[in-house]
Amino acid sequence: MPKIDVIAELAGYKREDFSVCLGCKICGSVCTINDLSVPANPQALLLALFLQKEVAHDDPVLAYCTNCYNCVSACPWRIRIPEIVRAVKGEMGLETPFEKAFKSSIGVWGRVYEPYVFLKSLPFLLREGYLAYVIRWKEYMNFHLPHKVKDMGRRQRKDRKER
Amino acid sequence: MKYAYYPGCSLTGTARRLDKGVRRIFTQLGHELVEIPDWNCCGAFEYGNRKDLVEFSRANLEKSGQLRGTEAGIIAPCPACYKNLREADQERTYPIYHPLELLNPDVTASLSIEKDLKGQVFTPYYGCLLMRPDETAIPDKEVMEGFIERLGGETDGAKVKAKCCGGNQFFINKWATEKLSKIILDGSKGVIVVFCPLCHMALTSFSKNRKIIYFTDLLLYVTGERKTL
């Protein structure tokens, strides 16, 4: 169960910031997940986090949040729910192999080098039937050599210093 | 005018056509785009730690600082990169533009137009991040409609233009992306005009015969640099 203080900090909040939620559920009413005919209730997720109740791994908001920001625009307090969802997913280890490959590419190259991500997540892509789309992806196929970023900024400099 | 240019990862790979289009159109308008040296990924939506995301984009802002003094601002065509850069620059010290902000009707009126769009139907599709959240949304949310209609084209799809295509879920739950993309495809007519690499991929993957193009393709078509749409 992710700790509310950890989630709040990861998402750039303080725990008490979540207490402003009015429980109006407008976030749920505008949520894109509704278009999937799956009931979504981001407010319930916020409340569960705030009250330190169990959050289900298959909570529809965690599983299907598209980062559309409809909820943020509608929320009277502009609570940035997609960023809270991302923090919870990270803490609960809910990333897919593709998402891991994406981050791994950034770790290796400093950029998303698509051929690397594709190859690294190939077993997942094969298993899940993504190759069926390759015929429509012809225009996306263009090989280029990777660029290795030399300076990733303060974070990298801090990491080096700590090492 | 000179601008610092942040293409972002997609525009060096799957969305290379968008990259070429942006560069060509800005050249046509008499601007120079100078790529930020050694730029890094903005992190897109993949990081649960907001500080990580901000640090990625701050590094890019710092690198663009090497060009400052000569540049009028930073141009970031990918909506996710644009949003992340804008959010990292809380102090608003760097003018950061999405190309759609600069390709407003006053500017595109100066393009040398060779073809009109009469008799053709288009759905200008903005998706999520150009429209939301308010702090980082583009100011003119009908900029593509304005351009298309000025050249005699018909526009459609107003009800779906700001709906989510589910592109972000494509490599997580592709059935969800398929369902959401089909709402866009079924709720619109004609050629779909986008500015987001992820929307382009999602809609292309799930459309049978519809043409999905970048706004830059449309600009290059009417200026005679592209023969077909």
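I count two strands as paired if DSSP finds at least two bridges between them. Helices (H or I, at least four residues) and strands (E, at least two) are DSSP runs, numbered from the N terminus.

The model is predicted, with pLDDT of at least 70 needed for local features and 80 or more for side-chain atom pairs, while totals for chains, interfaces and linings use all residues. Residues are numbered from 1 along each chain as its sequence is written, chains are lettered from A in the order in which they are written, and side-chain values use heavy atoms, without hydrogens and water.

**Sheet.** I looked up the strand order in chain B and found an open sheet of four strands, β6-β5-β7-β8, with parallel pairing. β6 (154-155) and β8 (212-214) of chain B are at the edges with a single partner strand each, so one side of each has no neighbour in the sheet. Strands β5 (residues 121-124) and β7 (residues 191-194) of chain B are joined by three bridges. I noted that T123(B) has I192(B) in β7(B) as its bridge partner.

**Interface.** I then turned to the contact (heavy atoms within 4.5 Å). Chain A and chain B give 58 residues each. The buried area (accessible area, 1.4 Å probe, lost by two parts on being put together, summed over both) is about 5300 Å², and carbon and sulfur atoms give 52% of it. In chain B, D38(B), E46(B) and F171(B) lose the most area to chain A, together 13% of what that side buries.

**Salt bridges.** I looked for a side-chain nitrogen of Lys or Arg within 4 Å of a carboxyl oxygen of Asp or Glu. Seven salt bridges cross the interface of chain B and chain A. One salt bridge joins the side chains of R50(B) and E83(A), at 2.8 Å, N to O.
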